[in-house]
Amino acid sequence: MPNIRIFLLLRNILCKIRDYKINLHVVTDKKYCFLGGKYLCLSTQSILNRIFKRSNVNVHFYEWSKKNLSTAAKNSDIGLIPIPNNRRLLLKPENKMILMWSLGLPVIATRTKSHKRVMNSIKSDWLCDSINEWETKIMKLSLGKKERLKYINSIKNFLKNDYSTKSISNIWDKVISL
């Protein structure tokens with residue numbers, strides 16, 4: 001379920017980058033429901049349009065599906081995973097980062113324990129603690145071809161070594177043999 005606080009944080013981050021027109025591709029649920037996720041439902045696209053109204057951000061909304069996720073990734077240069085300063089949200093695992101990496105996107109994310117653990121494994125730091133850090137890293141990754149290529153190569157090596165069919169099978173073999 002989409003989280004309005006995440007959209008607002010994204011707005012704060014992206015609107016700081018004033019000199020560029022930004023295309024934001026969002027893949028999520030069609031409706032955002034309040035009150036336990038069941039009642040008072042609103043269109044996620046209309047929420048996004050309101051949040052990014054009169055900004056330098058052009059929102060492209062995709063209803064969640066594997067096909068739409070792949071399409072959005074192909075149309076994107078960078079994956080962003082901002083997480084508001086909320087104890088529960090900061091405990092989210094790194095699944096989204098690994099998924100974006102597997103779709104070929106370098107990712108900039110909020111510094112959480114899980115994101116830091118995975119970033120450490122590729123010996124990179126594309127994690128942010130402040131809006132200014134987000135702006136700096138987005139610009140650096142967008143404009144720096146060498147930085148971008150280095151990051152993408154480290155992702156490829158990480159996925160090959162840690163998320164290949166062979167490495168996953170080896171882990172399962174160890175678990176089953178216990």
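Author: Rings of Phe, Tyr and Trp (its six-membered ring) pair if their centres lie within 6.5 Å; planes under 30 degrees apart count as stacked, over 60 as edge-to-face and the rest as tilted. This is a predicted model, in which local features need pLDDT of at least 70, side-chain atom pairs count only at pLDDT 80 or more, and totals for chains, interfaces and linings use all residues. Residues are numbered from 1 along each chain, and side-chain values use heavy atoms, without hydrogens and water.

Reader: Which residues form one aromatic cluster?
Author: Trp-101, Trp-126, Tyr-151, Phe-158 and Tyr-163 form it.

Reader: And how many aromatic pairs does the structure hold?
Author: There are 4 aromatic pairs. One of them joins Trp-101 and Tyr-151 edge-to-face, at 6.4 Å centre to centre and 90 degrees between the planes.

Reader: What does that pair tie together?
Author: Trp-101 lies in helix α5 (residues 95-102) and Tyr-151 in helix α8 (residues 145-162), so parts 50 residues apart in sequence are tied together. Helices here are DSSP runs (H or I, at least four residues), numbered from the N terminus.

Reader: Changing topic, is Trp-101 buried or exposed?
Author: Trp-101 is buried, with a relative accessible area of 2%. Buried means under 20% relative accessible area, exposed over 50%, and partly exposed in between (1.4 Å probe, protein chains only). Tyr-151 is also buried, at 1%.

Methods:
Helices (H or I, at least four residues) and strands (E, at least two) are DSSP runs, numbered from the N terminus.
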